[in-house]
Amino acid sequence: MQHIFQNKMELDVLSVASEFFPLVKTGGLGDVTGALPAALEPEGIRVKTLLPGYPAVMAALKEATVFGDTIDLEELGHKVKIHQVLINGSFLFIIDYPNFYLRPGSPYMNQGGISWEDNGLRFALLSRIAARIACGAVSGYRPDLVLAHDWPAGLTAAYLHFEADQTPPVVQTLHNIAFQGRFSVSELSNFGLPPESFDREGVEFHGDIGFLKAGLYYAKWLVAVSPSYAREIQTPGYGMGLEGLLYDKRSCLSGILNGVDTSVWNPATDKDIHFPYKSGHILTRRSNKAAFQAEFGLARDADALLIGVVSRLTDQKGIDLLAEAMPTLMQQNKSLQCVVVVRL
(Lines give C-alpha, C1' and ligand atoms only; values in the text may rest on other atoms or scores of the structure.)
Protein backbone atom coordinates (compact mmCIF):
# COMPACT_ATOMS: atom_id res chain seq x y z
CA MET A 1 0.00 0.00 0.00
CA GLN A 2 2.96 2.32 0.39
CA HIS A 3 3.02 3.13 -3.32
CA ILE A 4 -0.37 4.87 -2.99
CA PHE A 5 1.05 7.62 -0.79
CA GLN A 6 4.79 7.11 -1.02
CA ASN A 7 5.51 10.86 -1.26
CA LYS A 8 3.01 12.06 1.35
CA MET A 9 4.18 12.39 4.94
CA GLU A 10 0.78 13.17 6.47
CA LEU A 11 -2.62 11.65 5.77
CA ASP A 12 -6.24 12.44 6.58
CA VAL A 13 -8.16 9.20 6.97
CA LEU A 14 -11.90 8.68 7.21
CA SER A 15 -12.58 5.54 9.24
CA VAL A 16 -16.04 4.05 8.65
CA ALA A 17 -17.22 1.76 11.42
CA SER A 18 -20.30 0.27 13.05
CA GLU A 19 -18.57 0.11 16.46
CA PHE A 20 -16.21 2.37 18.39
CA PHE A 21 -14.87 1.77 21.90
CA PRO A 22 -15.75 3.01 24.50
CA LEU A 23 -19.08 4.18 23.04
CA VAL A 24 -20.25 0.92 21.52
CA LYS A 25 -18.65 -2.46 20.89
CA THR A 26 -19.60 -6.12 20.54
CA GLY A 27 -16.05 -7.43 20.09
CA GLY A 28 -12.59 -6.73 18.74
CA LEU A 29 -13.84 -4.49 15.92
CA GLY A 30 -14.87 -1.82 18.42
CA ASP A 31 -11.55 -2.08 20.25
CA VAL A 32 -9.55 -1.59 17.05
CA THR A 33 -11.56 1.33 15.66
CA GLY A 34 -11.51 3.05 19.04
CA ALA A 35 -7.74 2.68 19.44
CA LEU A 36 -6.68 3.53 15.87
CA PRO A 37 -6.89 7.34 16.00
CA ALA A 38 -4.51 7.69 18.94
CA ALA A 39 -2.21 4.95 17.62
CA LEU A 40 -1.86 6.52 14.17
CA GLU A 41 -1.56 10.16 15.23
CA PRO A 42 2.20 9.95 16.06
CA GLU A 43 2.74 8.66 12.49
CA GLY A 44 1.24 11.82 11.02
CA ILE A 45 -2.09 10.13 10.23
CA ARG A 46 -5.17 12.08 11.31
CA VAL A 47 -8.24 9.87 11.70
CA LYS A 48 -11.86 10.93 11.86
CA THR A 49 -14.44 8.20 12.39
CA LEU A 50 -17.96 7.98 10.95
CA LEU A 51 -20.29 6.21 13.39
CA PRO A 52 -24.07 5.58 13.54
CA GLY A 53 -25.96 7.43 16.25
CA TYR A 54 -26.84 4.52 18.52
CA PRO A 55 -28.36 5.32 21.96
CA ALA A 56 -25.00 5.31 23.76
CA VAL A 57 -23.45 7.46 21.03
CA MET A 58 -26.25 10.03 21.15
CA ALA A 59 -26.01 10.13 24.95
CA ALA A 60 -22.29 10.90 24.70
CA LEU A 61 -23.07 13.56 22.11
CA LYS A 62 -24.69 15.69 24.83
CA GLU A 63 -21.30 16.09 26.55
CA ALA A 64 -19.21 16.29 23.36
CA THR A 65 -17.15 19.20 22.12
CA VAL A 66 -18.37 20.47 18.75
CA PHE A 67 -15.62 20.95 16.14
CA GLY A 68 -17.78 21.70 13.10
CA ASP A 69 -21.27 22.60 11.96
CA THR A 70 -24.04 20.03 11.80
CA ILE A 71 -24.62 18.96 8.19
CA ASP A 72 -27.98 18.05 6.68
CA LEU A 73 -27.87 15.33 4.02
CA GLU A 74 -30.53 13.45 2.12
CA GLU A 75 -29.27 10.00 1.18
CA LEU A 76 -31.15 6.94 -0.06
CA GLY A 77 -34.38 8.82 0.53
CA HIS A 78 -33.59 9.67 4.15
CA LYS A 79 -32.91 13.11 5.61
CA VAL A 80 -30.15 12.82 8.19
CA LYS A 81 -27.98 15.10 10.28
CA ILE A 82 -24.22 14.64 10.60
CA HIS A 83 -22.68 15.96 13.82
CA GLN A 84 -18.97 16.81 13.95
CA VAL A 85 -17.77 16.31 17.51
CA LEU A 86 -14.80 15.51 19.71
CA ILE A 87 -15.43 12.75 22.28
CA ASN A 88 -12.69 11.44 24.59
CA GLY A 89 -10.03 12.91 22.31
CA SER A 90 -11.41 11.30 19.12
CA PHE A 91 -12.92 13.20 16.19
CA LEU A 92 -16.24 11.70 15.12
CA PHE A 93 -18.86 12.21 12.45
CA ILE A 94 -22.10 10.94 13.99
CA ILE A 95 -25.10 9.99 11.84
CA ASP A 96 -28.21 11.31 13.58
CA TYR A 97 -31.08 9.24 12.20
CA PRO A 98 -33.20 7.81 15.04
CA ASN A 99 -35.39 5.64 12.77
CA PHE A 100 -32.39 3.47 11.96
CA TYR A 101 -30.04 3.71 14.91
CA LEU A 102 -31.77 4.90 18.08
CA ARG A 103 -32.89 1.42 19.12
CA PRO A 104 -32.34 -0.95 22.06
CA GLY A 105 -30.18 -4.02 21.64
CA SER A 106 -26.85 -4.31 19.83
CA PRO A 107 -25.79 -2.51 16.64
CA TYR A 108 -27.01 -5.50 14.63
CA MET A 109 -29.69 -7.30 16.67
CA ASN A 110 -32.69 -6.54 18.86
CA GLN A 111 -32.85 -7.38 22.55
CA GLY A 112 -33.97 -10.91 21.67
CA GLY A 113 -30.82 -11.58 19.64
CA ILE A 114 -32.60 -11.38 16.25
CA SER A 115 -31.00 -9.40 13.42
CA TRP A 116 -32.84 -6.21 12.48
CA GLU A 117 -34.83 -6.83 9.29
CA ASP A 118 -33.66 -3.52 7.79
CA ASN A 119 -29.92 -4.04 8.47
CA GLY A 120 -29.26 -3.73 4.75
CA LEU A 121 -30.68 -0.22 4.61
CA ARG A 122 -29.16 0.77 7.96
CA PHE A 123 -25.62 0.00 6.87
CA ALA A 124 -26.08 0.97 3.24
CA LEU A 125 -26.84 4.42 4.66
CA LEU A 126 -23.63 4.32 6.70
CA SER A 127 -21.60 3.49 3.59
CA ARG A 128 -23.43 6.00 1.39
CA ILE A 129 -22.79 8.85 3.81
CA ALA A 130 -19.15 7.76 4.06
CA ALA A 131 -18.89 8.09 0.28
CA ARG A 132 -20.49 11.53 0.37
CA ILE A 133 -18.09 12.76 3.05
CA ALA A 134 -15.15 11.27 1.15
CA CYS A 135 -16.22 13.29 -1.90
CA GLY A 136 -16.31 16.58 0.01
CA ALA A 137 -19.81 16.83 1.52
CA VAL A 138 -18.22 18.34 4.65
CA SER A 139 -16.88 21.78 3.90
CA GLY A 140 -13.09 21.95 4.30
CA TYR A 141 -12.65 18.20 4.68
CA ARG A 142 -11.67 15.68 2.04
CA PRO A 143 -9.80 12.60 3.26
CA ASP A 144 -6.79 11.14 1.47
CA LEU A 145 -7.94 7.62 2.31
CA VAL A 146 -11.09 5.83 3.44
CA LEU A 147 -10.76 2.91 5.86
CA ALA A 148 -13.90 0.73 5.73
CA HIS A 149 -14.32 -1.81 8.53
CA ASP A 150 -15.98 -5.18 7.88
CA TRP A 151 -19.31 -5.76 6.11
CA PRO A 152 -21.27 -2.84 7.64
CA ALA A 153 -18.98 -0.45 5.72
CA GLY A 154 -18.54 -2.77 2.73
CA LEU A 155 -20.59 -0.77 0.24
CA THR A 156 -18.40 2.33 0.73
CA ALA A 157 -15.95 1.27 -1.98
CA ALA A 158 -18.82 0.40 -4.34
CA TYR A 159 -20.47 3.80 -3.93
CA LEU A 160 -17.18 5.57 -4.54
CA HIS A 161 -16.52 3.43 -7.61
CA PHE A 162 -19.70 4.77 -9.22
CA GLU A 163 -18.98 8.37 -8.15
CA ALA A 164 -16.88 10.92 -10.03
CA ASP A 165 -13.36 9.94 -11.07
CA GLN A 166 -11.50 11.87 -8.36
CA THR A 167 -12.33 9.83 -5.28
CA PRO A 168 -10.00 8.74 -2.48
CA PRO A 169 -8.87 5.10 -2.41
CA VAL A 170 -10.55 2.69 -0.03
CA VAL A 171 -8.85 0.18 2.24
CA GLN A 172 -11.26 -2.59 3.25
CA THR A 173 -10.46 -4.28 6.54
CA LEU A 174 -11.34 -7.88 7.41
CA HIS A 175 -11.90 -8.40 11.11
CA ASN A 176 -14.14 -11.48 10.71
CA ILE A 177 -14.92 -12.85 7.26
CA ALA A 178 -17.66 -15.09 8.63
CA PHE A 179 -19.97 -12.06 8.84
CA GLN A 180 -20.55 -10.86 5.28
CA GLY A 181 -23.77 -8.86 5.10
CA ARG A 182 -25.84 -10.61 2.43
CA PHE A 183 -29.15 -9.12 1.30
CA SER A 184 -31.72 -9.73 -1.42
CA VAL A 185 -31.11 -8.42 -4.93
CA SER A 186 -34.57 -6.82 -4.67
CA GLU A 187 -32.91 -4.20 -2.42
CA LEU A 188 -30.49 -3.02 -5.12
CA SER A 189 -32.42 0.12 -6.03
CA ASN A 190 -33.17 0.85 -2.36
CA PHE A 191 -29.43 0.81 -1.73
CA GLY A 192 -28.93 3.31 -4.54
CA LEU A 193 -26.72 1.01 -6.59
CA PRO A 194 -26.94 0.94 -10.41
CA PRO A 195 -28.17 -2.25 -12.11
CA GLU A 196 -24.73 -2.90 -13.64
CA SER A 197 -23.25 -3.24 -10.15
CA PHE A 198 -25.07 -6.55 -9.68
CA ASP A 199 -22.50 -8.70 -11.39
CA ARG A 200 -19.95 -11.33 -10.45
CA GLU A 201 -17.42 -8.56 -10.98
CA GLY A 202 -19.32 -6.30 -8.61
CA VAL A 203 -21.60 -6.68 -5.59
CA GLU A 204 -23.23 -9.99 -6.58
CA PHE A 205 -22.49 -12.95 -4.31
CA HIS A 206 -24.33 -16.24 -4.88
CA GLY A 207 -27.44 -14.41 -6.10
CA ASP A 208 -27.45 -11.89 -3.24
CA ILE A 209 -25.96 -8.46 -2.69
CA GLY A 210 -22.78 -9.05 -0.69
CA PHE A 211 -21.66 -6.04 1.32
CA LEU A 212 -18.29 -7.53 2.25
CA LYS A 213 -17.83 -8.99 -1.23
CA ALA A 214 -18.41 -5.48 -2.64
CA GLY A 215 -15.77 -4.03 -0.34
CA LEU A 216 -13.25 -6.69 -1.29
CA TYR A 217 -13.89 -6.27 -5.00
CA TYR A 218 -13.89 -2.47 -5.27
CA ALA A 219 -11.33 -1.53 -2.59
CA LYS A 220 -7.83 -0.46 -3.57
CA TRP A 221 -6.26 -2.46 -0.75
CA LEU A 222 -7.34 -5.15 1.74
CA VAL A 223 -6.12 -5.55 5.30
CA ALA A 224 -6.70 -8.59 7.53
CA VAL A 225 -6.15 -8.66 11.29
CA SER A 226 -2.96 -10.72 11.14
CA PRO A 227 -0.52 -12.13 8.56
CA SER A 228 -1.70 -15.68 9.27
CA TYR A 229 -5.36 -14.70 8.86
CA ALA A 230 -4.52 -13.04 5.53
CA ARG A 231 -3.11 -16.38 4.34
CA GLU A 232 -5.87 -18.54 5.81
CA ILE A 233 -8.78 -16.67 4.21
CA GLN A 234 -7.36 -17.43 0.77
CA THR A 235 -8.19 -21.11 1.36
CA PRO A 236 -11.55 -22.95 1.16
CA GLY A 237 -11.39 -23.86 4.84
CA TYR A 238 -11.40 -20.26 6.04
CA GLY A 239 -12.42 -18.07 3.11
CA MET A 240 -16.17 -18.56 3.61
CA GLY A 241 -16.76 -18.58 -0.14
CA LEU A 242 -14.62 -15.51 -0.77
CA GLU A 243 -11.28 -17.33 -0.99
CA GLY A 244 -11.14 -17.13 -4.79
CA LEU A 245 -11.53 -13.36 -4.85
CA LEU A 246 -9.04 -12.95 -2.03
CA TYR A 247 -6.53 -15.15 -3.81
CA ASP A 248 -6.95 -13.11 -6.99
CA LYS A 249 -6.31 -9.93 -5.00
CA ARG A 250 -3.48 -11.34 -2.90
CA SER A 251 -1.02 -8.76 -4.30
CA CYS A 252 -3.00 -6.03 -2.50
CA LEU A 253 -3.85 -8.03 0.63
CA SER A 254 -1.88 -7.38 3.82
CA GLY A 255 -2.07 -8.86 7.28
CA ILE A 256 -1.40 -6.46 10.17
CA LEU A 257 -1.44 -8.03 13.61
CA ASN A 258 -4.03 -6.49 15.92
CA GLY A 259 -2.48 -4.89 18.96
CA VAL A 260 -3.70 -4.16 22.47
CA ASP A 261 -4.30 -0.66 23.79
CA THR A 262 -2.28 -0.84 27.00
CA SER A 263 -3.86 2.35 28.29
CA VAL A 264 -7.14 0.39 28.49
CA TRP A 265 -5.97 -3.21 29.01
CA ASN A 266 -3.70 -2.52 31.96
CA PRO A 267 -4.11 -4.58 35.15
CA ALA A 268 -2.38 -1.86 37.14
CA THR A 269 -5.14 0.68 36.40
CA ASP A 270 -8.18 -1.45 35.46
CA LYS A 271 -11.06 -0.47 37.77
CA ASP A 272 -12.79 -3.81 37.18
CA ILE A 273 -9.96 -5.73 38.87
CA HIS A 274 -10.41 -6.21 42.62
CA PHE A 275 -6.68 -5.95 43.34
CA PRO A 276 -4.74 -4.03 40.67
CA TYR A 277 -1.31 -5.44 39.94
CA LYS A 278 1.72 -4.96 37.74
CA SER A 279 2.98 -7.60 35.35
CA GLY A 280 4.82 -10.35 37.21
CA HIS A 281 3.28 -9.64 40.64
CA ILE A 282 1.94 -13.14 41.27
CA LEU A 283 0.88 -12.62 44.89
CA THR A 284 -1.66 -9.95 43.97
CA ARG A 285 -2.96 -12.14 41.15
CA ARG A 286 -3.64 -14.85 43.73
CA SER A 287 -5.86 -12.40 45.61
CA ASN A 288 -7.79 -11.75 42.42
CA LYS A 289 -8.16 -15.49 41.89
CA ALA A 290 -9.67 -15.87 45.34
CA ALA A 291 -12.07 -12.97 44.68
CA PHE A 292 -13.05 -14.52 41.34
CA GLN A 293 -13.74 -17.90 42.97
CA ALA A 294 -15.91 -16.24 45.62
CA GLU A 295 -17.86 -14.25 43.01
CA PHE A 296 -18.77 -17.40 41.07
CA GLY A 297 -19.39 -19.61 44.09
CA LEU A 298 -16.32 -21.80 43.55
CA ALA A 299 -14.26 -23.41 46.28
CA ARG A 300 -11.41 -21.17 47.37
CA ASP A 301 -8.38 -23.13 46.19
CA ALA A 302 -5.11 -21.38 45.36
CA ASP A 303 -3.79 -24.47 43.57
CA ALA A 304 -6.82 -25.14 41.37
CA LEU A 305 -6.44 -24.81 37.63
CA LEU A 306 -8.93 -22.01 36.94
CA ILE A 307 -10.11 -21.57 33.35
CA GLY A 308 -12.16 -18.53 32.37
CA VAL A 309 -13.78 -18.17 28.94
CA VAL A 310 -15.77 -15.22 27.56
CA SER A 311 -16.91 -16.17 24.08
CA ARG A 312 -19.62 -16.90 21.59
CA LEU A 313 -20.33 -20.64 21.43
CA THR A 314 -18.83 -21.23 18.01
CA ASP A 315 -15.93 -23.29 16.73
CA GLN A 316 -14.57 -20.12 15.13
CA LYS A 317 -13.66 -19.02 18.65
CA GLY A 318 -12.20 -22.40 19.56
CA ILE A 319 -14.93 -23.44 21.99
CA ASP A 320 -14.88 -26.91 20.40
CA LEU A 321 -11.20 -27.23 21.35
CA LEU A 322 -12.03 -26.53 24.99
CA ALA A 323 -14.74 -29.21 24.95
CA GLU A 324 -12.34 -31.74 23.43
CA ALA A 325 -9.58 -30.90 25.91
CA MET A 326 -11.76 -30.90 29.04
CA PRO A 327 -11.64 -34.68 29.77
CA THR A 328 -7.82 -34.65 29.59
CA LEU A 329 -7.61 -31.53 31.74
CA MET A 330 -9.86 -33.14 34.37
CA GLN A 331 -7.70 -36.26 34.43
CA GLN A 332 -4.45 -34.33 34.78
CA ASN A 333 -5.65 -31.87 37.43
CA LYS A 334 -7.04 -32.93 40.78
CA SER A 335 -8.79 -29.60 41.14
CA LEU A 336 -10.18 -27.99 37.99
CA GLN A 337 -12.54 -25.01 37.86
CA CYS A 338 -14.04 -23.60 34.67
CA VAL A 339 -16.28 -20.56 34.17
CA VAL A 340 -17.82 -19.88 30.76
CA VAL A 341 -19.55 -16.58 30.06
CA VAL A 342 -21.54 -16.80 26.83
CA ARG A 343 -21.77 -13.82 24.50
CA LEU A 344 -24.61 -13.54 22.00
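In which sense do strand 1 and strand 6 pair? Strand 1 (residues 11-16) and strand 6 pair in the parallel sense, over four bridges. The model is predicted, so local features need pLDDT of at least 70, side-chain atom pairs count only at pLDDT 80 or more, and totals for chains, interfaces and linings use all residues. Residues are numbered from 1 along each chain as its sequence is written, and side-chain values use heavy atoms, with hydrogens and water left out.

Helices (H or I, at least four residues) and strands (E, at least two) are DSSP runs, numbered from the N terminus. Two strands pair if DSSP finds at least two bridges between them. Strand 6 spans residues 145-149. Ser15 stands opposite Leu147 in strand 6. Strand 6 also runs parallel to strand 7 (residues 170-174), joined by four bridges. Here Leu147 stands opposite Val171.

Five of the five residues of strand 6 are buried. Buried means under 20% relative accessible area, exposed over 50%, and partly exposed in between (1.4 Å probe, protein chains only). Leu145, Leu147 and His149 point one way, while Val146 and Ala148 point the other way.

Strand 6, helix 5 (residues 156-161) and strand 7 make a right-handed β-α-β unit. Right-handed means that, with the strands pointing away from the viewer, the path from the first strand over the helix to the second runs clockwise.

Leu174 lies in strand 7. Leu174 is buried because its relative accessible area is 0%. Its contacts (heavy atoms within 4.5 Å), not counting residues up to four places away in sequence, include Asp150, Leu212, Tyr229 and Ala224. Leu174 and Ala224 are 50 residues apart in sequence and 4.7 Å apart in space, C-alpha to C-alpha.
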